[in-house]
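Thanks for asking me to look this one over. Have a look at the model first, and then read my notes alongside it.

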Amino acid sequence: MIPDPYELVLLALASYRTWRLLAEDSILDWPRRKLLRLGNWRQEGDPVPLDYRSGLGSFISCPACLGAWTSIAWYMAWLVFPEETLPLAVVFSISALVVFQRARLDPPES
């Protein structure tokens, strides 16, 4: 089944927002650092630990890698639960648009 253009835009924006939440947003810094074995003790400039999971770190930060999997997850959720997925996708899409607005319209912080 192929989503109509409106649903496609919602799913795409929701997928982007999910990727950004998992890969870049500071609210998930702690779990991301634990997953990558960086720990909260590491400060900027410290050497990277030997057990740092560089491949996983590259995968998480790559929009084409983790982004593809978040897209698959949103699409599969839409296929299985279309009535429940779209309202949630609206919320994530609005959030993605807020992120875009912040990046494009607000002056850089100094």
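Here are my points, going from the whole chain down to single residues.

1. First, some ground rules. This is a predicted model, with local features needing pLDDT of at least 70 and side-chain atom pairs counting only at pLDDT 80 or more, while totals for chains, interfaces and linings use all residues. Residues are numbered from 1 along each chain as its sequence is written, and side-chain values use heavy atoms, with hydrogens and water left out.

2. Helices (H or I, at least four residues) and strands (E, at least two) are DSSP runs, numbered from the N terminus. Of the 110 residues, 27% are buried, where buried means under 20% relative accessible area, exposed means over 50%, and partly exposed is in between (1.4 Å probe, protein chains only). Take the contacts (heavy atoms within 4.5 Å) with a separation of 6 or more: residues 24 or more positions apart account for 58% of them.

3. Start with α1, which covers residues 5-23. Its 19 residues reach 27 Å from first C-alpha to last, close to the expected 27 Å; that expected span is 1.5 Å times one less than the number of residues. At the start of α1, a side-chain oxygen of aspartate 4 comes to within 3.1 Å of the backbone nitrogen of tyrosine 6. The buried residues of α1 include Leu10, Leu13, Ala14 and Trp19, and its buried set packs against α2 (29-35), α3 (54-61), α4 (66-80) and α5.

4. How do α1 and α4 sit against each other? Their axes are 9 Å apart and the packing angle is about 135°, so α1 is oblique to α4. Axes here are lines fitted to C-alpha atoms, for helices over the stretch in contact, with angles from 0 to 180 degrees between N-to-C directions. Angles under 35 degrees count as roughly parallel, over 145 as roughly antiparallel, 65 to 115 as roughly perpendicular, and the rest as oblique. On the α1 side, the residues that meet α4 include Glu7, Leu11 and Thr18, and among their α4 partners are Gly67, Thr70 and Trp74.

5. Now compare with α4 and α5. Their axes come within 6 Å and cross at roughly 140°, so this pair is oblique too. Among the residues making the contact are Trp74, Ala77 and Trp78 of α4, and Thr85, Leu88 and Phe92 of α5.

6. Threonine 85 is worth a click. It lies in helix α5 and is buried, at 5% relative accessible area. The side chain of threonine 85 reaches the backbone oxygen of alanine 77 at 2.9 Å. Beyond its neighbours within four places in sequence, threonine 85 is in contact with Leu11, Trp74, Ala77 and Trp78.

7. Further along α5 (residues 82-105) you'll find serine 93. Is serine 93 buried or exposed? Its relative accessibility is 3%, so serine 93 counts as buried. Setting aside neighbours within four places in sequence, serine 93 touches Val9, Leu10, Leu13 and Ala14.

8. Last, look at arginine 33 in helix α2. Arginine 33 is partly exposed, with a relative accessible area of 22%.

Methods: A polar contact is a pair of N or O atoms within 3.5 Å; within protein, one must be able to donate a hydrogen and the other to accept it, and residues adjacent in sequence count only if both atoms are side-chain atoms.
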